[in-house]
Amino acid sequence: DGPAPVVQIQYTPRFQEVMDYLRAIIQKGEISERALALTEDAIDCNSANYTIWAYRRVVLDGLRAEMQKELEFTENIITDTPKNYQVWYHRQWVVERLHDGSAELAFTQRMIEADSKNYHAWAHRQWAVATFGLWDHELVALEALIEADPRNNSAWNQRWFVVRSTCRLDEPALLAREVQYAQRYIQQAPNNESPWSYLRGLFSSKGVGSFARCPELEAWARQLSVRFPLCVHAVALLVDMAAQSRSPAALEQALTDCDGLAEGLDPIRAKYWRHKRMALLEPLLARALAARPKQDSGSSS
């Protein structure tokens, strides 16, 4: 840009004309229907330009424009450019002005059907659900999505978001329901990492915090590792459970499991598993040292 550009970008004549007009009305601070129409032309030239969207919001506010029409406009742009940060933010702004998020579940559903792992659609859905309290049917919708594609990590993440936001995981019945839900999909496809990650999340610091809340999980994971000997996730879970419990027997078994992971099952992360093995050794060594009889300092040498 400028009167003497060094490496000139080959803008189309229409792009140059529209952007020249836009710069002029921004500098002038014009708030008019003409300015609004010009921002639409500029968005058609480059829908990812933050400045255009920011000025459009200024104009919409100044005109006290009808926001339902703007909502329809954003859907058209998102349909054409579904991973455009600027238009997703703009839609959120429009919905806030409407004080009504009732259309957002159906809208994001359409976007997710087009691309089930579209981060922007999922993030917008989380925002709408949390902001407007649209929790009622979310788990049912997610169950259908996970049933259709059990490897859809985005749908599993959304389920975690809903469960953590609306349920008390420290209730045994609810925890058992979620554990069994993950186990069902793990048994269908043991190497599918998504339900394993969900299962771990249930017992993370943001979940119930301890595998001890589900004592039968260890036997289940061990049985699964025997049934599917190449399943890294089952053995990795057992190692984490042993690290948390610090039971000597479990730690001893976990050392063997780390060796198996490093040397055969998961060689690409061999260094990690050797590091993990060293960490598991520490409580065993500390216990062994504590059990040694103390030498009487007053005895003769």
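Here is a short chat about a pocket and a helix pair in a predicted model.

Q: What should I know before reading this model?
A: Residues are numbered from 1 along each chain as its sequence is written. The model is predicted, so local features need pLDDT of at least 70 and side-chain atom pairs pLDDT 80 or more, while totals for chains, interfaces and linings use all residues; side-chain values use heavy atoms, leaving out hydrogens and water.

Q: What is the volume of the largest pocket?
A: Rolling a probe the size of a water molecule over the atoms shows where empty space is left. Here, the largest pocket has a volume of about 210 Å³.

Q: Which residues line the largest pocket?
A: They are Glu33, Leu36, Glu40, Arg56, Leu60, Ala65, Glu66, Lys69, Glu70, Glu72 and Phe73. By class, that lining has 4 nonpolar, no polar and 7 charged residues.

Q: Which element gives the most to that lining?
A: That's α4, with 4 residues.

Q: How do the axes of α6 and α7 cross?
A: Angles run from 0 to 180 degrees between N-to-C directions, with axes fitted to C-alpha atoms, for helices over the stretch in contact. The axes of α6 (residues 104-114) and α7 (residues 119-132) come within 9 Å and cross at roughly 165 degrees. The two are therefore roughly antiparallel (angles over 145 degrees count as such).

Q: Which residues make the contact?
A: Contact means heavy atoms within 4.5 Å. Glu104, Leu105, Thr108, Gln109, Met111 and Ile112 of α6 meet Ala121, Trp122, His124, Arg125, Ala128 and Val129 of α7. By class, this contact has 7 nonpolar, 3 polar and 2 charged residues.

Methods:
On a 1 Å grid over the protein atoms alone, a cavity is a set of points where a 1.4 Å probe fits but cannot get out, and a pocket is an open set with protein on both sides within 12 Å along at least five of seven lines; lining residues have an atom within 4 Å of a point. Grid points are joined across faces, edges and corners, and a volume is the space filled by probe spheres set on the points. Ala, Val, Leu, Ile, Met, Phe, Trp, Tyr, Cys and Pro count as nonpolar, Asp, Glu, Lys and Arg as charged, and the others, Gly among them, as polar. Angles under 35 degrees count as roughly parallel, over 145 as roughly antiparallel, 65 to 115 as roughly perpendicular and the rest as oblique.
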